Each structure stands twice: as structure tokens, then as C-alpha cells.
Amino acid sequence: MKQRFKAGSLGLLGILVFSAIPRISEGRDIEYGKYLSSECSTCHGSKKSTDSGIPSINGMSANYLVKALQQYRSKTRKNSVMQMIAGRLDDEQISSLAAYFSSLRSLK
Amino acid sequence: MSKISRRQFSQAVGLGAGALAFPNIAFGARPRVVVVGGGAGGATAARYIAKDSKGAVDVTLIEASKRYYTCFYSNLYLGGYRNYASIGHNYYGLAVNHGVNVVHEWAASVDPTNKVVKLASGASVPYDRLILSPGIDFKYDSVPGYSPEVQSKMPHAWKSGTQAQLLKRQVLNMKKGGNFVMVPPTNPYRCPPGPYERVSMVAHLLKRSNPTAKIIVLDPKPKFSKQGLFMDGWTRHYSGMIEWIDPQAHGGIKNVDATKMEITTDLDTFKADAACVIPAQKAGGIAMAAGVNDGDWCPVNPNSMASKADPNIYVLGDASVAKSMPKSGFSANSQAKVVANAVRGELTGSKVFPARYSNTCWSLIATNDGIKVGASYKAGDSKIDVVSKFVSKNGESAETRKATYEESIDWYNGMTADMFA
């Protein structure tokens, strides 16, 4: 009972402390990038990727990924699936995704 | 307070804040998620919740089969492009890499009041959130004369596995110049282009082994997915072999006789040397047992896939009403990520992001002649709305069609890794 009382007291204090600290946007972006990336993993997440079809994108440079996604979005790069996926990504989402995938270790 | 280090203080504050909002965590018990069904929806949901919660959520997957044979690509097995073993997968990765408790038993019923899943063995599995991804069951009586007893004579082969093996054997054993008769299902059903990819793959198989054989499609629907693309492909690759007959012409399926291998319509009685009969479909039985269905399917909230009947139960994949998304493995996998995000948010307080869905269905017409249809989606007020869509076109170059097929191979590899790795 004594321990539970202590934890409860700290919890109340915690809420007060947290409400005074602004949200850390960096942490939220990483989580958001990770959530967005789950849409990519359906096709890009295999070690067995042949690269003649869908490349593995883990560990690719962020600059390359940003450029590729922007080209798909503007339909200057061909592939109907990627044009559809990139078509609804804004600049911030593209940056988050590129940062996330470039931070991963290559699958190969 | 002065004796607590800064690090200890931060940890205690974090725990305390969590303890008020999430009482399970306060007393050391991890919140429990039970997933029923280890296919494209269930395996993905279990994997993402376990992976992303890093042990904070206790995830149990109830799936009777120890080896899962994918429905997607079972047509390519029929056509001879894949061997049977290559479409089989196990649950080792979920258990070993992500700590999912994989229970190979049959989920018999759900007690939503006490939040317990009851297994056929008699054991009970309690949950805080239940995710149902049971796929489909058949409405056998939708095709007069069809039943579980006759499915070995006229396989549906619509859940992969043994039925797919059986159908392939029966096609290969047809007499020279014999008839293959296909009865596709009525809407809505699993994998809209699937029956027509199957026709293509059977034609591919027969073109080599039995080139004078005929394929007759007795469709209960007046039109079908990617119809123009399939029909163009059938003319180019299998000229004179395939006859598709719409319901206005045949007047409806009046009876199937598996003993005589005959399918009767108003137009004629068709003699089959091999037949594939796919009945109408409904949500898997456990969804009915849980009481989250409205008729044949389970309504869900488009922003989370939570059941409209019970907020502690989520339904995804084929069993759900996810209009405008088709019932496909890709859709189920996409929906699973929205569910995983929502469930983790409810149980651990992690950030919940707006639902975004996508789907692509690739089909193979003949060697290196792949086509695709797809769309992206968002949660609307009353249903899942299309954001944008695309579909292959007739007259595309051979290079484009080959690239589409190669894309589908890597999708299969990516998809199965996303479910099981």
C-alpha cells in the first residue's frame, strides 16, 4: 500500500509537470514517420527484394528518397502505385519518411 | 524527494502519469490484446502491436493452422509459376522475433461482457481489446446443390491450402478437349479479380497440357473487376479457349450435380471434366459468435476499424464492411496498421494518427503479362473514402506488363515479410 501511495502521488505531480512542458515535436515526428512508413513496408520490407520490381529502401539516402517521392508526386517519375502513394504526401511527410528510412540499416 | 536522482524522478513521473490514465500498467499487469485469425489482417495486427509496443502489450494470436498458405498467389501456383511450398508460411517470426503468444487452437466463441475468448478445447483467453480477422465463411446454399460434402468434387479453392492442390490436380487430369467450368461468386466476395486471374491461370496450364480444352465461365454477375483488361488478355493469349457467359445469357445457376459433374442453367446443362464453384461469402463464424455482425458482414468505424457493436472489439479484413475498400489481403494488411495504431493508443497512450489506407491488386494473365488496380483511402464520416485510384490500361507495352508482374513478385515478398518476419 505504501508503494502504491507513492506512485499515485508522483503521478499527480507528473501531470502537473507535463502540462507545463511544451510537446517535443521531434519525438512526435519520428513516431509519425514510423506510422507513415508502415504503408511502405507492405511492398518494400523484404530482404528478398529483386530490385527489378520493388527495391528495398531501408538505408537509402534521405536526399535520394525525397527527390524520388517528389518526382512520383509530380508524376514526372513513372509508376502508378508510387504516384498514388506519393500523391497524398505533403513536404513534411516526405521529409519524415526519408529521415526514417535513411536511419534504418539496409536489409541486404 | 531530495534522495531521488533526476533520472529516477523522470521515470517515476512517467509511470505515475501513465498509472492514472492506464490502470492496468499501474499494477504491473500488461494490457492484453487477443487477435483471432493469423492471415493478412490478424498476423499483421499482432506483429505491429507487439513490435511497436516493445513488450508493453501482451499479444496473443489464436490461429488453428500451424502453416498458413496464402490465398494471394495461389492462382500462380495453379498456373505453374509458383510451387506449393513457396506460398506456405509459419508463425515462428511472430513468436520468436516479437514475443507474440501464438496459440494454435480454434476460437469457438466470445463472451463480450466478461471480455473472454473461449477456445474449442474449453480453455478461455481474457482480453482488454479483441481483434477479429477471421476472413470468410461460405454460404453453401447460395449455389443450389453445393455443400461441404461436394467441395472435393468441385473445389472452391477460395481459402488456398488443400483445395488449391486438389483443383490443380483435377485440371491436369481433364480428358483431352474436355471442359473446365467456373462459377464465380456473387458480390461482395474475397479478392474481386481473383476468379478471373484463376481463369487465366487455368488457361495457361491447359494451353500447354491440353490445348483443345475449353473453359466456360458461368458468372452470376453482369460485369467483373478489370473486365476489359482480362478479356483483352484472353483474346491475345487464349483465343477461342475461354467463353464467359453473363447471367442475362445463362439465366442463373439452377443446380450443380457433383456426381454427374453437371452444372445446370436456364440456357443449358454444362458437362464439366473439372469445375471450380465458388459460393457466396460471409464473415468468418467467430465474428457472428461475438455478435459484431449485421447480417453477413461486420460494420466498423472508418477511422479505426473498431466494431460499431462493441468498442472493445475491432474487425478487419474480409469480415468487415470496409467500403470503398475491396476485400483483399493488401486491404487487410493496410487496415491492420490502422488498428494497431488505435489499439496501442488506447492501451498504452501512444499517439494515434489519422487513418490512412491503401490497396493494390495485381493479377497475372499470362507469362510476363501483369495488370494492377489500386487506390488510396481515408476515413470518411460514414465509410472509407477513395482519395485517388489507378488501373492498368489496354495497349500497354510488353515492358510495362512485365514490370507489373515483377512488381507483384516483390510485393508478395514484402507483404509476407510484413505479416510474418
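**Close-up 1. Helix α3(B) against helix α11(B) in a predicted model.** In this predicted model, Thr44(B), Ala45(B), Tyr48(B), Ile49(B), Asp52(B) and Ser53(B) of α3(B) are in contact (heavy atoms within 4.5 Å) with Asn333(B), Ala336(B), Lys337(B), Ala340(B), Val343(B) and Arg344(B) of α11(B). Sorted by class, this contact of α3(B) with α11(B) has six nonpolar, three polar and three charged residues, where Ala, Val, Leu, Ile, Met, Phe, Trp, Tyr, Cys and Pro count as nonpolar, Asp, Glu, Lys and Arg as charged, and the others, Gly among them, as polar. Two packed helices are described by the angle between their axes and the distance between the axes. Helix α3 of chain B, residues 42–53, packs with helix α11 of chain B, residues 329–348, at an angle of about 40 degrees, and their axes are 8 Å apart; the axes are lines fitted to C-alpha atoms, for helices over the stretch in contact, and angles run from 0 to 180 degrees between N-to-C directions. The two helices α3(B) and α11(B) are therefore oblique to each other, since angles under 35 degrees count as roughly parallel, over 145 as roughly antiparallel, 65 to 115 as roughly perpendicular and the rest as oblique. The crossing in which α3(B) passes α11(B) is right-handed; a crossing is right-handed if the near helix is turned clockwise from the far one by less than a right angle, and left-handed if anticlockwise. Helices (H or I, at least four residues) and strands (E, at least two) are DSSP runs, numbered from the N terminus.

The model is predicted, and local features need pLDDT of at least 70, side-chain atom pairs count only at pLDDT 80 or more, while totals for chains, interfaces and linings use all residues. Residues are numbered from 1 along each chain as its sequence is written, chains are lettered from A and ligands numbered from 1 in the order in which they are written, and side-chain values use heavy atoms, with hydrogens and water left out.

Close-up 2. Asp418(B) is placed in helix α12 of chain B and counts as buried at 4% relative accessibility, where buried means under 20% relative accessible area, exposed over 50% and partly exposed in between (1.4 Å probe, protein chains only). Not counting residues up to four places away in sequence, Asp418(B) touches Ser38(A), Ser41(A) and Thr42(A), as well as Thr44(B), Arg47(B), Tyr48(B), Asn333(B) and Lys337(B). Ser350(B) is found in the loop between α11 and β22 of chain B, and with a relative accessible area of 17% Ser350(B) is also buried. When its neighbours within four places in sequence are left aside, Ser350(B) is in contact with Arg344(B) and Gly345(B).

**Close-up 3. The buried side of helix α8(B).** In helix α8 of chain B, residues 227–237, the buried residues are Gln227(B), Leu229(B), Phe230(B), Gly233(B) and Trp234(B). These residues lie on the same side of α8(B), because they cover an arc of only 165 degrees around the axis; the arc is that of the directions from the helix axis to the C-beta atoms. The elements of chain B against which the buried residues of α8(B) pack are α7 (194–209), β13 (242–245), β22 (356–366), β23 (369–379), β24 (384–391) and α12 (398–420).

**Close-up 4. Helix α3(A) against helix α5(A).** The secondary structure of chain A comes to five helices and zero strands, and 37% of its 108 residues count as buried. Helix α3 of chain A, residues 62–73, and helix α5 of chain A, residues 91–103, pack at an angle of about 140 degrees with their axes 8 Å apart, and α3(A) and α5(A) are therefore oblique to each other. In this right-handed crossing of α3(A) past α5(A), the contact is made by Ala62(A), Leu65(A), Val66(A), Leu69(A), Gln70(A) and Arg73(A) of α3(A) and by Asp91(A), Ile94(A), Ala98(A), Phe101(A) and Ser102(A) of α5(A).

**Close-up 5. Backbone details in loops of chain B.** Most residues other than glycine have a negative phi, and most peptide bonds are trans. A cis peptide bond, with omega about -10 degrees, joins Asn187(B) and Pro188(B), and Pro188(B) is in the loop between β11 (179–183) and α7 of chain B. Met305(B), which is not a glycine, has a positive phi of about 70 degrees, and at 0% relative accessibility Met305(B) counts as buried.
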